[in-house]
Amino acid sequence: MIPAILAYTLLAYLVAFFGRNRKLGFWMYFLLAFIFTPLLSFLFVLASDKQVEGETKSDIKSSIHDELDVLKTDVKKLGEHVKQLAQQLAPR
């Protein structure tokens with residue numbers, strides 16, 4: 001039992017090692033490999049983008065927050081359009 005746990009942990013570590021220069025970084029891929037399976041997580045590593053040179057985690061978080069702000073604005077505009085359309089289609 002212990003050798004199996006050690007082998008699983010080693011595989012999770014290897015996946016995290018290969019993912020260390022990717023967007024999610026070492027610890028996130030290690031956690032993914034431990035929770036799911038190392039094989040599935042390795043596929044995530046292969047599919048993920050590499051970190052841009054000089055880009056830090058705070059830069060990534062900042063860009064994500066900017067995208068969320070844009071998305072919130074778009075959702076508000078969509079809600080307004082839906083309300084207008086509902087008013088136009090309402091029987092008089």
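Analyst: First, a definition for what follows: an axis here is a line fitted to C-alpha atoms, for helices over the stretch in contact, and the angle between two axes runs from 0 to 180 degrees between their N-to-C directions. One caution as well: this is a predicted model.

With that in hand, let's look at α1 and α2. Their axes come within 8 Å and cross at roughly 145°. The crossing of α1 past α2 is right-handed. On the α1 side, the residues that meet α2 are Tyr-8, Thr-9, Ala-12, Tyr-13, Val-15, Ala-16 and Phe-17. Their partners in α2 are Phe-26, Tyr-29, Phe-30, Ala-33 and Phe-34. Sorted by class, the contact of α1 with α2 has eleven nonpolar residues, one polar and no charged.

Now take α1 by itself. It has 17 residues, and at 1.5 Å a residue they should span 24 Å; the end C-alpha atoms are 25 Å apart, which agrees. Its buried residues are Ala-12, Val-15 and Ala-16. These cover an arc of only 100° around the axis, so they sit on the same side of α1. There's a handy bit of background here: an α-helix has 3.6 residues a turn, so residues three or four places apart point the same way. On the other side of α1, Ile-2, Pro-3, Leu-6 and Leu-10 are exposed. As for what covers the buried residues of α1, that includes α2 and α3.

Let's zoom in on Ala-12, which lies in α1, the helix of residues 2-18. Its relative accessibility is 0%, so Ala-12 counts as buried. Leaving out residues up to four places away in sequence, Ala-12 touches Phe-30, Ala-33, Phe-34 and Pro-38. Ala-12 and Tyr-29 are 17 residues apart in sequence, and their C-alpha atoms are 8.0 Å apart in space.

Moving over to α2 (25-35), you'll find Gly-25, Phe-26, Tyr-29, Phe-30, Leu-32 and Ala-33 buried. They cover an arc of only 165° around the axis, which puts them on the same side of α2. Trp-27 and Ile-35 are exposed on the other side of α2.

Next comes α3. The axes of α2 and α3 come within 7 Å and cross at roughly 145°, and α2 passes α3 in a right-handed crossing. Tyr-29, Leu-32 and Ala-33 of α2 make this contact with Pro-38, Ser-41, Phe-44 and Val-45 of α3. By class, the contact of α2 with α3 has six nonpolar residues, one polar and no charged.

With 0% relative accessibility, Ser-41 counts as buried. Not counting residues up to four places away in sequence, Ser-41 touches Val-15, Tyr-29, Leu-32, Ala-33 and Phe-36. Val-15 is one of the buried residues of α1, while Tyr-29, Leu-32 and Ala-33 are among those buried in α2.

For contrast, look at Lys-72, in helix α4 (residues 57-89). At 53% relative accessibility, Lys-72 counts as exposed. Lys-72 and Leu-14 are 58 residues apart in sequence and 38 Å apart in space, C-alpha to C-alpha.

Technical notes. Residues numbered from 1 in each chain as written. Predicted model: local features only at pLDDT ≥ 70, side-chain atom pairs only at ≥ 80, totals over all residues. Heavy atoms only, no water. Helix = DSSP H or I, 4+ residues; strand = E, 2+ residues; numbered from the N terminus. Buried < 20%, exposed > 50% of the residue type's maximum accessible area, 1.4 Å probe, protein only. Contact = heavy atoms within 4.5 Å. Expected span 1.5 Å × (residues − 1). Arc of directions from axis to C-beta. Left-handed = near helix turned anticlockwise from the far one by under 90°. Nonpolar A, V, L, I, M, F, W, Y, C, P; charged D, E, K, R; others polar.
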